[in-house]
Structures are given as C-alpha cells and as structure tokens.
Amino acid sequence: MAAIKRLYFNFFVLVYLLYVLFNKGIAYSYLSEVVIVAGLILILWNIRSYEFAWDKRMALLVFFVLMSVVYIFRGFLGGYSIGDVIRDSVIFNYIVFAFIVYFFKDELPYLKKRLFGIYKWYPFLMCCFFLLSSYVPYFRDLTLFQGQRLFLYKFGDMGVHLFIASILLLNGNIVLRGRFFVLQWILIVYLFLIVSSYSRSGMISFIIPMFLFFIYSRNRQLKDQMIKWLKFVPLLVLLAIPLFLSTNLEENFQGRTLSIEQLKRNAVSIFSSEDDGSTLSDNKAWRLVWWARIVEYTFLGDYFLYGRGLGMSLAATDDIVYDPSEGNLRSPHSFHMTILARFGVPLFFLWLCWIYLHLREIRKKEISPEILMMLVIGCAFLINASFDVFLEGPMGAMPFWIFTGLVYAEEAFHSV
C-alpha cells in the first residue's frame, strides 16, 4: 500500500505541474479526473485511517458536492446529454481535491515542498515557452489533446500562478541568491507585462492579493524589505521591456495586442466607466448585460430557488450573442454568476457564506505566515474566477481546491 500511495503522490504532483505549465493546452487530457477517481478509490481503500477536520467550512463544501450530485440527476431527468450534465457539475465536483489533500496529511510538509518547488521554475519555463511559441512555428501550432494548441494560454490564469511564484519568493518558500534572485524578478515583471496586456483580471489577480498580503502580514521585517525592494521596480521594468517588446504574440479574439499602449488601455479601463468604443468597453458591457439577466431571472424570476440546473448552455438559454469561432460558450465569465444561474439564490448565498468563512481568517492576528500566504493565494483564484471561466475547469479548480485543502489540513494537523 505504501508503494501505491507513493506512486499516486508523484502522479498527483505531476498532473498539478502539467496544469500549471500548460494550462488550456491540456484542458482536454482529463488527467484531473483520473486524479480524482484514483484518489477516491484510495481514500475508500484506507477509510479507517482517513480523517479530516470538520467545521462550518468543510460542512459547506460537503454540502456543495452533495448538491452537485442531486443536480446531476435533475439534469438527466430534464433530458440533457450525460456529457453536458457532468461537464457542468464539475464546478463543485472539483472540491474533492481538497479532501484528497487530507489523504496526504502525514506527508503534508513534503507535499507543500513539492508543489511550491514547481513555482521556483515557473517564471523561467514560461519565458522559454513564450519565446519558443513566438519564434518557432512548430511549437506555436503543436497540439496534443482534441486539437488544442499546447502553448495556448489563458492570461488571467497565468496572472494567478505568477502571483503564487512571487509570493513564495517573498515569503522565503523559494530561496534564490544574488543574480538568480534578480533574474527571477526580471522574468516575473516580464510575464506580468504580458499578462496585463491581455487580461485585466490577471492584472488585478496579482495586484490585489499582493496588497492584502502586505497589509495583513505580521512580519515587520518582511514588510520593510518589500518597501525597500519597491524602489527597484522601475529598474526591473526597464530591464524587462526589451524582452517584452521582442515577444511575438498574435492579437487575441478580443483585439488585444502585446504593446505598451495596450497595457495603458487595460489599466485605465479597470477604473473607467466611459464607453470609448473599444473592445475593452464592449467586453465589460457584454458581461454586465449577461450578469444582469441572471440576477433578473433568479432574484426576481422563476429560478429563485433552484436555478436553471445543469446540462444546458447558459449562453443559449440567456439569449447571449457570441462568435461561435470562440468556442462553445456555456458560462457567464464569473464563477459566482454561474452558481447563481445554475443552482439558484439560496445556494448562491451559501457559496458567498463559504467565501466569507474561508477568507475571514486573513484578519486574525494569530494566523501563521504560511496560512496567510495560502489564503491570499486563494483570494487570487477567486478574483480571477469573478471575471473569467476559471474554477469551472481543471486548470483553475485543481490548484484552487488543493490550496484550500492545504489551508484546512495545515490548521488541523500542523498548526502550532
């Protein structure tokens, strides 16, 4: 049994690594689903030794999973295809990753070390991938799963992982010395410029959690160090700009390009409510219109208690016009709005309750630096999920629920 558990542990970390590095490129590999099924089998096989900490947060997570099962049957009875129903149900089914973390409670420090170690190489590898896909057509067009380009990235997701790499470096979980430390920050700034050119949610998913970490950290020495390093940011930007401008990425479907001008537009559009006729304004209006329709037919309409359910495309039922070339749009680019639309108002409020219970720990004075760091990482995931399809798929859901499980397992078994 020990050998099987060790094999599963290594597979667990490997799949996490692949989703972090290749993101949307392996979204249809179904590796995360294999991890879940294998993990559940191992938990059942070792059910006598399996334990997790039971509190309000965990009770809500269990409830969400159970409700997902109920809604799966509702979707089947409604005549929707099995594939579509299961695909929509995973928004809560991925919570199982948090429970799988408890299976590794005895290896928790080593698990964190392995997962955190991935981010030591993340900036360097992502820089290499971008340059390869920019200048080598073979890598740009390489596909592995269902015709999906391997080096096709969602930049909001990348902003979250870039924040994780940065916060681990600041918190001392990643140790680099001298010129390697400086090089790491140059690469982080370079990647942040790319993320900010293509994704406003990626930009704020980096900035806001970093601000929260600074505000709520009890480490006075670290705060002073962060303030000291802040004055070197302009120099890091100057060093990263040549690499940024030399990167050749195509214009995305929203018309955004890799340029200084696009960076400025994205930053300004976050705070501006004026319609300047740009795709940025159109994109913001498109989301707000869809979200308003969801609020209308749930809070004020026939879907208050139970939502629309699973199996249908929300874009079709909500009469949303979109370009079919962009893919099969099923969710309203907000995880919270997806929950409201599919599950109704009561469960939506329970979801908001869970977020409050989960993140309120940040303000506690006795919180450990490790748990604070993992909570602000979770905050980065939730911010990006508020404006993009993120936690609905394995690229965002697997790491998010793993970090959630790490927080609870750390509190239960390793907190002093």
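**Aromatic pairs and helix packing**

The structure holds 47 aromatic pairs, where rings of Phe, Tyr and Trp (its six-membered ring) pair if their centres lie within 6.5 Å, and where planes under 30 degrees apart count as stacked, over 60 as edge-to-face and the rest as tilted. The rings of Phe63 and Phe64, with centres 6.4 Å apart and planes at 55 degrees, therefore form a tilted pair. This is a predicted model, in which local features need pLDDT of at least 70 and side-chain atom pairs count only at pLDDT 80 or more, while totals for chains, interfaces and linings use all residues. Residues are numbered from 1 along each chain as its sequence is written, and side-chain values use heavy atoms, with hydrogens and water left out.

Phe63 is partly exposed, with a relative accessible area of 33%, whereas Phe64 is buried at 0%; buried means under 20% relative accessible area, exposed over 50%, and partly exposed in between, with a 1.4 Å probe and protein chains only. Phe163 and Phe206 form an edge-to-face pair, 6.0 Å from centre to centre with 85 degrees between the planes. This pair links distant parts of the chain, since Phe163 lies in helix 8 (residues 155–170) and Phe206 in helix 10 (residues 200–216), 43 residues apart. Both Phe163 and Phe206 are buried. Helices here are DSSP runs (H or I, at least four residues), numbered from the N terminus.

Two packed helices are described by the angle between their axes and the distance between the axes. Helix 10 packs with helix 18 at an angle of about 155 degrees, their axes 9 Å apart; axes are lines fitted to C-alpha atoms over the stretch in contact, and angles run from 0 to 180 degrees between N-to-C directions. That angle makes helix 10 roughly antiparallel to helix 18, because angles over 145 degrees count as roughly antiparallel, under 35 as roughly parallel, 65 to 115 as roughly perpendicular and the rest as oblique. The residues making the contact, given heavy atoms within 4.5 Å, include Ile208 and Phe213 of helix 10 and Leu372 and Val376 of helix 18.

Helix 6 (residues 108–135) and helix 9 (residues 178–198) pack at about 55 degrees, with their axes 10 Å apart, which makes helix 6 oblique to helix 9. Among the residues in their contact are Phe124 and Phe130 of helix 6 and Leu187 and Tyr190 of helix 9.

Note on methods: Helices (H or I, at least four residues) and strands (E, at least two) are DSSP runs, numbered from the N terminus.
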